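Thanks for coming. I will take a few minutes to walk through one structure, so please have the sequence and the view open.

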Amino acid sequence: GDMGQLPDSLPNFLIPDVPLTWETLRILLPVSATLAVVGLLESMMTLQIVEDITETPSERNRECVGQGVANTVTGFLGGMAGCAMIG
């Protein structure tokens with residue numbers, strides 16, 4: 001059946017409508033730091049498996065920076081952050 005229409009344009013850049021106060025940061029910082037650490041650990045585990053299978057080295061620092069930048073930009077485009085995961 002028809003599940004609806006697909007978007008026909010690129011997503012809009014938006015700044016979330018959240019007050020930038022110390023109270024907001026106090027609430028968001030522990031949760032966001034925990035999610036970032038879990039995502040990076042999963043990505044590093046996946047990277048280790050890929051290195052072992054392909055027998056090629058990789059740049060872990062580049063992977064971490066790339067994931068952080070991509071997740072930050074995704075938040076401003078209305079998307080959901082993610083990571084590499086053994087799935």
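Predicted model: local features only at pLDDT ≥ 70, side-chain atom pairs only at ≥ 80, totals over all residues.

Where in helix 1 does a kink of about 30° lie? Look at Leu28: the kink lies there, shortly before the proline Pro30.

Just after helix 1 comes Glu55, with a positive phi of about 55°.

Helix 2 runs over 60–76. Its 17 residues should span 24 Å at 1.5 Å a residue, and the end C-alpha atoms are 25 Å apart, so the two values agree. Just after helix 2, Gly78 also has a positive phi, about 80° in this case.

How do the two helices sit against each other? Their axes come within 11 Å and cross at roughly 140°. Helix 1 is therefore oblique to helix 2. The crossing is right-handed.

Which residues of helix 1 are buried? They are Thr24, Gly39, Ser43, Met44, Thr46, Leu47 and Glu51. The buried residues of helix 1 pack against helix 2. On the helix 1 side of the meeting we find Gly39, Leu40, Ser43, Met44, Leu47, Gln48 and Glu51. On the helix 2 side, the partners are Arg60, Glu63, Cys64 and Gln67. An α-helix has 3.6 residues a turn, so residues three or four places apart point the same way.

Is Ser43 buried or exposed? Ser43 has a relative accessible area of 2%, so it counts as buried. Setting aside neighbours within four places in sequence, Ser43 is in contact with Glu63, Gln67, Cys83 and Ala84.

For a residue with another setting, go to Gly68 in helix 2. Gly68 has a relative accessible area of 36%, and therefore counts as partly exposed. Leu47 itself is on the buried list for helix 1.

That is the end of my notes.

How values were computed
Residues numbered from 1 in each chain as written. Heavy atoms only, no water. Buried < 20%, exposed > 50% of the residue type's maximum accessible area, 1.4 Å probe, protein only. Contact = heavy atoms within 4.5 Å. Bend = angle between axes of the 7 residues up to and from the residue. Helix = DSSP H or I, 4+ residues; strand = E, 2+ residues; numbered from the N terminus. Axes fitted to C-alpha atoms, helices over the stretch in contact; angles between N-to-C directions. Parallel < 35°, antiparallel > 145°, perpendicular 65-115°, else oblique. Left-handed = near helix turned anticlockwise from the far one by under 90°. Expected span 1.5 Å × (residues − 1).
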